[in-house]
Amino acid sequence: MTRQIILNAFDMTSAMHNSHGLWKHPDNIRTRKYKDLDYWLDLARLLERGKFDAIFFADVYGVYDVYEQRKDPAIRNGLQVPLNDPAFAVPAMAAVTENLSFAITVSTTYDHPFANARRFSTLDHLTKGRVAWNIVTSYLPNAARNFGLENMIKHDERYEMADEFLEVSYKLWEASWEDDAIINDREKEVFADPVKIHEINHQGSYFQVQGPHLSEPSPQRTPVIYQAGTSERGREFAAKHAECVFIGGRSPDKIQFYINDIKKRAEKYGRDPDHIKAFTFLNVIVAETSEEAHQKYEEYNKLWSSDAAKALFGGGSGYDLSQFTDLQSDFTYQHTEHGQTNASMYTKDVKNQLKVKDVLKRMESINTDHLVVGNPTEVADAIQYLFEEIGVDGFNLAHLISPRSLEEFVELVVPELQKRGIYKTDYQKGTLREKLFGGSSFLPDDHPAAELSKQHLSHR
């Protein structure tokens, strides 16, 4: 069977996501409607009509406050603030769909594994196994202060915390409740068998959790594990834990390098590299004709906010572009405790050395690194090339005008991809993990969680 594209809509339960300044466009309905449940229900129906695999919800715990060392540019431009909690939209969206799945971002730095485990078990129950967890370690200084810290925890230590967070989570999901713990025997007056429900008694460097898990096993037990991060430490974490990796990169070669590197590292943990799916960014401006599509690009570009772009880049990288005043100087890598992927974007990840003026110029217009503009055939050609030549399994599709950009993609691009046999015409049945990998709803035996579960149960 021909390999087919896995497609997620990349979104946020906020007034705006990453379409900087385009809240001013009259067709950008989400700016006014993101607080209304009907908006998210209609979006869910649209995505299922377009046979999207999932909606991927990004999330943050603070305001972008690195650029100009203040929050004003982000707040003024609606940059991921105001922002609601995506978890509350998911059950309602699941109720009006049968196959669309939901990837939700939760930070291992500021959440707690015990509460998070119940959150995902609940969502997995209510969606009948259509949930994934996108693991992040968070990088905004304002987020650290919101959780009582004076400074951010250092980048690599955040991954140490994440490793232990996952260890606790696996124990709760995989080892706390046996499959047949629920008896529901009215005659014996036993609802659940206490012998088959276990404390985990985790004592670690960052977390102490007695247990047991409060939720009975959900359809997938452990949600599908997503991870986004291509730093050295991030790739090692992905190789150990992730089932799906969300990979950025300014060139196809760089994306391909990251995919191959993560899969090679996975073998070190005894994992089958085919048990990891790779996704990259995608943004599309499409119209019936190429001329119309490029006219849209120019129209959108006039509304673009360079301040918002600088604020986003500053939060992700730790580089305050307002401090880079020597336009002719080289824009060089400087270590920060923010996101190493963002810090490398215009430094380590470029073939030719950029000047400060070059980086500032890139903030003045829509980022074209992952943008395809054209008629349906041209857009499908570009997507097919990326899919087949780079070796990604799918894309996280952003959208500049919401929901119009997604409506246009569903109406114009999806049929073209389907004609080529590289995009599904119908959904497979089952949980998200079954749809992505086939086979079981549960983690494969080569995943670290499976081994941890065996060890934990054997010690009882």
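## Asn-99

In this predicted model, Asn-99 has a relative accessibility of 10% and therefore counts as buried, the cut-off being under 20%. The residue belongs to the loop that runs between helix 4 (90-95) and strand 3 (101-107).

Once neighbours within four places in sequence are set aside, the contacts of Asn-99 are Glu-48, Asp-53, Arg-130, Tyr-427, Gln-428 and Lys-435.

## Ile-285

Ile-285 is part of strand 11, which covers residues 277-286. Its relative accessibility is 2%, so Ile-285 also falls under the 20% limit and counts as buried.

Apart from residues up to four places away in sequence, Ile-285 touches Ala-293, Lys-296, Tyr-297 and Tyr-300, together with Leu-371, Val-372, Val-373, Gly-374, Val-379 and Leu-400.

## Nonpolar cores

In soluble globular proteins, nonpolar side chains tend to be buried together. The largest nonpolar core in this model comprises 79 residues. Within this core, the residues with the most contacts are Phe-52, Trp-133, Ile-383, Phe-395, Phe-409 and Leu-417. Helix 7 (residues 155-175) supplies the largest share of the core, namely eight residues.

For Leu-417, the contacts beyond four places in sequence are Ile-5, Ala-380, Ile-383, Phe-409, Ile-422 and Tyr-423. Ile-383 and Phe-409 are themselves listed among the residues with the most contacts inside the largest core.

## Overall architecture

The chain contains 17 helices and 13 strands. Its radius of gyration, 22 Å, is close to the 23 Å that the globule rule gives for 460 residues, so the chain is as compact as a globular protein of that length. Along the principal axes, the C-alpha atoms fill a box of roughly 75 × 50 × 40 Å. Among contacts with a separation of 6 or more, 76% join residues 24 or more positions apart.

## Burial, surface and charge

Of the 460 residues, 58% count as buried. The accessible surface of the chain is about 19500 Å², and carbon and sulfur atoms account for 48% of that area.

Charged side chains number 53 positive and 68 negative, with the centres of the two sets 2 Å apart.

Definitions and conventions. Residues are numbered from 1 along each chain as its sequence is written. This is a predicted model: local features need pLDDT of at least 70, side-chain atom pairs count only at pLDDT 80 or more; totals for chains, interfaces and linings use all residues. Side-chain values use heavy atoms; hydrogens and water are left out. A nonpolar core is a set of buried Ala, Val, Leu, Ile, Met, Phe, Trp, Tyr and Cys residues joined through side-chain atoms within 4.5 Å. Buried means under 20% relative accessible area, exposed over 50%, partly exposed in between (1.4 Å probe, protein chains only). Helices (H or I, at least four residues) and strands (E, at least two) are DSSP runs, numbered from the N terminus. Contact means heavy atoms within 4.5 Å. The radius of gyration is taken over C-alpha atoms; the globule rule is 2.2 Å times the number of residues to the power 0.38. Accessible areas come from the Shrake-Rupley method with a 1.4 Å probe; for residues, only the protein chains shown count as cover. Lys and Arg count as positive and Asp and Glu as negative; His and the chain ends are not counted. The place of a charge is taken as NZ of Lys, CZ of Arg, CG of Asp or CD of Glu.
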